[in-house]
Amino acid sequence: MTQPTPETKAADPAGTLRADGIVMRFGGIKALDGASIRIRPGDTIGLLGPNGSGKTTLVNCLTGILTPTEGRIVFNGQDITRRTPRQRAHGGIVRSFQNLRLMPDLTVAENVAVGLAGLAQPLRAAEWRDRLTTALAAQRLEPYAHSPLGQMPYGVMKRVEVARALVSRPRILLLDEPAAGLGGGDWEPLAETLKTAQEQMGFGLLLIDHNIEFVRALVNRLVVLATGQVLVEGSPETVLTDPEVGRVYLGSLADA
Ligand SMILES: Nc1ncnc2c1ncn2[C@@H]1O[C@H](COP(=O)(O)OP(=O)(O)OP(=O)(O)O)[C@@H](O)[C@H]1O
C-alpha cells in the first residue's frame, strides 16, 4: 500500500492551506478521524473515497462551515481553525457547492457576478467588469452571458457555478462534485476550462468527484479517504492501481 508522505511545515510555500490531524464528531459519529491534507498554490488534488468517508466534512472544515472537534486548519502559516467562512473567503479560500445554488431567473452574467458580492474590498467599476468578463471567458460562457440561466443546459449551469467561484480570484479553490450529473462526455468542457483557468491563475485546486475520468483529466495528486482517515495519497497512477484503493473505493464504484 502507498503510505501518505510525511510533509513538514517548513516546506509550505506562501498561500498553502493545510488541515492537520482533523477529528470531526457528530454526536456518536466520527466523520473524520485524524485526517491531514496540504494544498499548495498550483497543486491540483483529487479527494476520493467511498460515500460517507468524510470528504465533504473535510472540505467544510477547510472552509469554516464546520469547526473541527480536534486538529488545526492553517492557511499561509496562520491558524485559521476558528475563522468564519467569510473571513476565509476574504483570504482567498473559495468553494463551490455539491448542489447548485444558482438563480434561474437571473442571467448567466448576473449569476457569475454574485461571486463578487462578498469580496473584502469593493471593486472599482472597471475592475468589476474586467473580472466578470475574464471569468465568463474562462468558462466559455460569453455566448450565454445575457440569457436567463434557467434556460441553459445543465453543463452550462455547472460552468456558471465554477465561474462564480473564479470571479473572486481564489488562491485555493475547493470544488465539491462539480461534474455530478454530467453524463457521457459532457464533463469534458468543464475539465478543459477548469484546467486552463487553473494553469493561468495558479490557484491550488482540491476537487471531490466520483467521476474518475474527470478527476484524472484535472489533477496531478490523489488523496483517498476511508472512514475519516487518509488511506493513500500520491500520483494518480500509483493511487489508482493500489490494491487497497481498489478494494475500498474503486470496487464500490463498480458496484454502483
Ligand atoms: N451534519 C451532520 N450530522 C451528522 N452526521 C453527519 C453530518 N455530516 C456528515 N455526517 C456523517 O459523517 C460521515 C461523513 O459524511 P461526508 O458527507 O463527509 O462523507 P462524503 O465522503 O462526503 O460522502 P459522499 O461521497 O456521499 O458525499 C457520514 O457518516 C455522514 O452521515
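**Ground rules**

I number residues from 1 along each chain, as its sequence is written. Because the model is predicted, I take local features only at pLDDT of at least 70 and side-chain atom pairs only at pLDDT 80 or more, while totals for chains, interfaces and linings use all residues. My helices (H or I, at least four residues) and strands (E, at least two) are DSSP runs, numbered from the N terminus.

**Ligand shell**

I looked up what surrounds the ligand. I count a residue as near if its C-beta atom, placed from the backbone, lies within 6 Å. The list is Phe26, Ile29, Ala31, Gly49, Asn51, Gly52, Ser53, Gly54, Lys55, Thr56 and Thr57. I sorted these into three nonpolar, seven polar and one charged. For that, Ala, Val, Leu, Ile, Met, Phe, Trp, Tyr, Cys and Pro are nonpolar, Asp, Glu, Lys and Arg are charged, and the others, Gly among them, are polar. Which element gives the most to the shell? It is α1, with three residues. β2 (29-39) and α1 each supply at least two.

**Lys55 and α1**

I then turned to Lys55, which sits in helix α1 (residues 55-63). Is Lys55 buried or exposed? It has 27 C-beta neighbours inside 10 Å, so it counts as buried. My cut-offs: buried means 20 or more other C-beta atoms within 10 Å of a residue's own, exposed means 12 or fewer, partly exposed lies in between, and C-beta atoms are placed from the backbone. Leaving out residues up to four places away in sequence, Lys55 touches Leu47, Gly49, Ile208 and Leu225. Contact here means C-beta atoms, placed from the backbone, within 7 Å. The rest of α1 is mostly covered too, with eight of its nine residues buried. Just after α1, I noted Gly64 with a positive phi of about 95°.

Next I checked β3 (44-48). Five of its five residues are buried, so the rest of the structure largely encloses it. Thr44, Gly46 and Leu48 are buried on one side, Ile45 and Leu47 on the other. I call two strands paired if DSSP finds at least two bridges between them. β3 pairs with β8 in the parallel sense over four bridges. Gly46 has Leu207 as its bridge partner there. β3 also pairs in the parallel sense with strand β9 (residues 221-226), over four bridges. Leu47 stands opposite Val223 in β9.

**Helix α6**

Last, I tested the length of α6 (residues 188-201). I take the expected span as 1.5 Å times one less than the number of residues. Its 14 residues should span 20 Å, and the end C-alpha atoms are 20 Å apart, which agrees. The buried residues of α6 are Leu190, Ala191, Leu194, Ala197 and Gln198. They fall within an arc of 135° seen down the axis, so they line one face of the helix. The arc is that of the directions from the helix axis to the C-beta atoms. What covers these residues includes β3, α4 (125-138), α5 (154-166), β8 (204-208) and α7 (212-218). Glu199 and Gln200 are exposed on the face turned away from the buried side. Just after α6, Gly202 takes a positive phi of about 75°.

Terms used: Two residues are in contact if their C-beta atoms, placed from the backbone, lie within 7 Å.
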